[in-house]
Amino acid sequence: MSIQEIQNEIIDEFQILGDDRESTIFYIMELGGKLPEMPEEDKSEENIIKGCQSKVWLTASESNNKINYLADSNTDITKGLISLLIRVLSGRSPEEIIKAELDFIEKIGMGNIIGSQRSNGLAAMIKQMKLYAIAYQAKLNA
Amino acid sequence: MSLNIENIRGEFPILHQEVNGRPLIYFDNAATTQKPLAVIEALSHYYKTDNSNIHRGAHTLADRATRYYENTRSLLQSFLNTKEVEEIIFTKGTTEGINLIASTYGRKFINAGDEIIISAMEHHANIVPWQMLCEEKGALLKIIPISDMGELDIEAFDSMLSSKTKLVSIVHVSNTLGTINPVEEIIEKAHAIGAKVLLDGAQSTSHLEVDVQSLDCDFLVFSAHKLYGPTGLGVMYGKREILDSMPPYQGGGEMIKEVTFEKTTYNELPFKFEAGTPNIGDVIAFGKALEFINKNGKNAIKAHEDELLEYATVQLSKIKGFIPVGTAKNKISVISFNINGMHPFDVGMMLDANGIAVRTGHHCTQPLMQRFGIEGTVRASFSVYNTKSEIDSLVASVSKIAKIKNK
């Protein structure tokens, strides 16, 4: 599936939840619970994403021109948010990640659900994921 | 006499709305209280009919604005029972009050080797200005430790007091834990060795009778917005002889007696500390907030809040996974807690989805969070317009949330 197809899938899932804020938050937390485990040693100061109020750790690795992300957070809602980003971006080429326009965030009304502070945190996560992609692309082109 | 809470709720327009499809339940009163209609209308009335710069104008509007502005100062004199009305200084808030004292009294009277005592439960506003002063002067900051219940270790305080102690700056009531500190005892002991005492009254003045003469504190600072008044306004009380001995805080208009390019002489109290055009409209509106408190009576307000605190404490404690933070014997109506296995941010967001406003995080008391080994808490704080049925909704929501991780 393409990045856009996965985004559409997420939009459909959130549409089923409707306007009920509580069930939406429960759903995001549930998604967080399914995030693959991140090795404890990777939860280090240098892997913390700056700009998030809760703690978020992110690492990236590259194989066969695809970037794989691992992430964790100390709050379940944040874990759920980053699991959505990983579902969309992990396993893609640096070029795809750099070009990706993540319109699902706006389309599911995430800003209203999580509020402005967490929206800033979410933007910081996306920025860090794209920065990894830019760095790997530079490395691949070198 | 007990209060008619339904009538009181009727005076607060903001309470009558839905948030996320549920009736708003406002439990973030320790951060700021809501404003009665009288306060909101006084602010609007001032700008519609009386707006004018005060103290020097020769016209009717200026005279009216001055009288209303000074009327609030008089109300504060009886509210705090100060000896003189000139001992009341208007500031921007508690934070500015503490910074004012650190910058004027502190700079003049604290020297190298002197000691300032604060506690482990201080708000950052009562930590950082003293750290800055100590760094500048080579003075030492000492911290009174607290127990697991969130009470001050008075024996440790006793052992800290010495001829080096120049100032004890202590929170009257903890914003995070709700603990009411034994400030009478602290003031008496500090005075016995010649130290001055500053009380951070940000959380106490809205709930407790605070009589500065009977407490004998040297300074008291607090913010209007936690007492049903407007934001951006605070009060600093100081004993006249101390305020007279202090240099001015800021230079400018209002605070001078005479200015020549060679020398400026400063105005009398309270104007010496109120440089520039003050926050006239908010001061006048704050008068209405004080009248609201006086009308209902602090004892009656406290009795209602105590009842809510006890009810909420009993009900919440029954929930599996509920971890209270701060269980002092003497508390105001603040409950800080965590849910086992959950981050306070997540709990706060889920409560918000149910229309319940609480505060989450470190509450500007990071050293206190470090003391308890936690990142933050969820804090529900009750005010005069809250009800038991609102607490029932909180308990129901917290139960539901706690079940996610505590089956």
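Modeller: What follows is a set of questions about the terms used for this structure.

Modeller: This is a predicted model, in which local features need pLDDT of at least 70, side-chain atom pairs count only at pLDDT 80 or more, and totals for chains, interfaces and linings use all residues. Residues are numbered from 1 along each chain as its sequence is written, chains are lettered from A and ligands numbered from 1 in the order in which they are written, and side-chain values use heavy atoms, with hydrogens and water left out.

Biologist: Why is N354(B) called buried?

Modeller: Buried means under 20% relative accessible area, with exposed over 50% and partly exposed in between (1.4 Å probe, protein chains only). N354(B) has 8%, so it counts as buried. N354(B) sits in the loop between α12 (344-353) and β15 (356-357) of chain B; helices (H or I, at least four residues) and strands (E, at least two) are DSSP runs, numbered from the N terminus.

Biologist: What is N354(B) in contact with, leaving aside its neighbours within four places in sequence?

Modeller: Contact means heavy atoms within 4.5 Å. With those neighbours set aside, N354(B) is in contact with E22(A), R22(B) and S397(B). S397(B) is one of the buried residues of α14(B).

Biologist: What makes α10(B) largely enclosed by the rest of the structure?

Modeller: Of its 17 residues, 13 are buried, so α10(B) is largely enclosed. This helix covers residues 280-296 of chain B and reaches 25 Å from its first C-alpha to its last, close to the 24 Å expected at 1.5 Å a residue. The expected span is 1.5 Å times one less than the number of residues. After α10(B) comes G297(B), with a positive phi near 90°.

Biologist: How do you know that β14 and β17 of chain B pair?

Modeller: Two strands pair if DSSP finds at least two bridges between them. Strands β14 (residues 334-339) and β17 (residues 377-381) of chain B have four bridges, in the antiparallel sense. I335(B) stands opposite A380(B) in β17(B). Both strands belong to an open sheet of four, in the order β13-β14-β17-β16 (chain B). Its edge strands, β13 (322-325) and β16 (359-361) of chain B, each pair on one side only.

Biologist: How much area is buried between chain B and chain A?

Modeller: Buried area is the accessible area (1.4 Å probe) that two parts lose on being put together, summed over both. Here the value is about 1,400 Å², of which carbon and sulfur atoms give 57%. F345(B), D346(B) and M349(B) supply 40% of the area that chain B buries against chain A, more than any other three residues.
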